[in-house]
Amino acid sequence: AHVTVLLNSGATGINYATLRGARLIYLLGLDFHPGAEQTHYHSGYSWHTQKTINRMYPRWAKLLDELAPALARAGVSVYNCSRTSLLTAYPYRSYGEVL
């Protein structure tokens with residue numbers, strides 16, 4: 001079973017993991033809160049402005065939360081390792097618990 005969605009790199013990573021047979025996924029860095037200086041671990045994208053971030057991050061979080069039932073039906077357990085994440089559908093686990 002797999003879940004297919006074209007949304008963002010986080011959703012794509014979840015899809016790829018399920019297609020490869022993952023049954024346990026930990027979300028790292030998918031908090032959907034922009035950093036003070038940057039939005040990504042890299043230099044970001046030219047189209048990423050404060051306006052697009054304010055519009056897109058809540059939308060992406062909502063859509064990713066909506067995947068939770070399909071992931072559960074597929075037998076995939078997903079845990080969120082970002083305490084302050086906009087995601088609400090995935091139980092929180094600290095980095096220390098999962099490493």
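This is a predicted model: local features need pLDDT of at least 70, side-chain atom pairs count only at pLDDT 80 or more; totals for chains, interfaces and linings use all residues.
**Whole chain.** Start with the cartoon. The protein has 4 helices and 2 strands. Read from the N terminus, the order is α-β-α-α-β-α. Now colour by burial: 36% of the 99 residues count as buried. Then draw the contacts between residues at least 6 apart in sequence; 57% of these join residues at least 24 apart.

**The core.** Select L27, F32, L64, L71, V78, L87 and Y90. These have the most contacts inside the largest nonpolar core, which has 20 residues. Next, select α1 (9–19), β1, α2 (50–66) and α3 (68–73): each supplies at least two residues of this core. Helix α2 gives the most, with 6 residues. In soluble globular proteins, nonpolar side chains tend to be buried together.

Centre on F32. Leaving out residues up to four places away in sequence, F32 touches N8, Y57, W60, A61, L64, L86 and L87. Of these partners, L64 and L87 are also on the list of residues with the most contacts inside the core.

**The surface.** Switch to a surface view. The protein exposes about 6,400 Å², and carbon and sulfur atoms supply 55% of that area. Select L24, Y26, L28, Y95 and L99: they make a nonpolar surface patch of about 570 Å².

**Last stop.** L24 lies in strand β1, residues 24–27.

How values were computed:
Residues are numbered from 1 along each chain as its sequence is written. Side-chain values use heavy atoms; hydrogens and water are left out. Buried means under 20% relative accessible area, exposed over 50%, partly exposed in between (1.4 Å probe, protein chains only). Contact means heavy atoms within 4.5 Å. Accessible areas come from the Shrake-Rupley method with a 1.4 Å probe; for residues, only the protein chains shown count as cover. Patches are made of residues with over 30% relative accessible area and no salt bridge: like charges are joined within 9 Å, nonpolar side chains (Val, Leu, Ile, Met, Phe, Trp, Tyr) within 5 Å. A salt bridge is a side-chain nitrogen of Lys or Arg within 4 Å of a carboxyl oxygen of Asp or Glu. A nonpolar core is a set of buried Ala, Val, Leu, Ile, Met, Phe, Trp, Tyr and Cys residues joined through side-chain atoms within 4.5 Å.
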